[in-house]
Amino acid sequence: MGGGIEISRRSFLRGRHKRGSGRVSPPGATAEGLEACTGCGRCADACPTHIIRVIDDRPALDFFIAECTFCGQCAELCPEPVFTGRSQQFPHVAMIGESCLARNRTDCQACRDACPTEAIRFRPRAGGPFLPELNEELCTGCGACLSVCPVAAIGIREVEWERAHV
């Protein structure tokens, strides 16, 4: 699944990951749809996990708080045609960096426990804690693993779905 960019959790949370937009938009919000956004904030008010922030009159997600549950309430309450895309998966997947506690011989499986799709598994290794493995096909990019990592070892990597599934 090449062609994506890799980014640290800090850069991701500061909104430096998407080319062009500079932020992570709610699921189903397209670049064309965001042009119609008036910045009314109804999507932020509707979000049950409170991860939507309106920044510069556009919605952005803050995975530091919690994950996206893909409930669709943001799209339901939006009066504009902002949400017209794929709403059950983001165009990015998690990536586990080298500062991961398990990779540094300290037992931790917080990301696995938080992942709603079980995309993160831990494989045994002799003489140390189990090592994390990410199944990119199961990862929805929801951000559940980012908010629970105690050392900010998880970031995101963009995936170009058209190329990835051809």
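This report looks at a hairpin, a loop leucine and a set of annotated cysteines.

## About the model

The model is predicted: local features need pLDDT of at least 70, side-chain atom pairs count only at pLDDT 80 or more, and totals for chains, interfaces and linings use all residues. Residues are numbered from 1 along each chain as its sequence is written, and side-chain values use heavy atoms, with hydrogens and water left out.

Let's start with strands β5 (residues 120–125) and β6 (residues 128–134), which pair in the antiparallel sense over five bridges. Strands (E, at least two residues) and helices (H or I, at least four) are DSSP runs, numbered from the N terminus, and pairing requires at least two DSSP bridges between two strands. Isoleucine 120 sits opposite leucine 134 of β6. Two residues separate the strands of this hairpin, where glycine 127 has a positive phi near 80 degrees.

Leucine 138 is partly exposed at 37% relative accessible area (buried is under 20%, exposed over 50%, partly exposed in between; 1.4 Å probe, protein chains only). Not counting residues up to four places away in sequence, leucine 138 touches Thr117, Glu118 and Ala119 (heavy atoms within 4.5 Å).

## The annotated cysteines

An unreviewed UniProt entry lists Cys37, Cys40, Cys43 and Cys47 under "binding site"; UniProt positions follow the numbering used here, feature names are shortened, and annotations may be inferred rather than shown by experiment.

Cysteine 37 belongs to the loop between α2 (31–35) and α3 (42–46) and is buried, with 14% relative accessible area. Cysteine 43 is placed in helix α3 and is buried at 9% relative accessibility.
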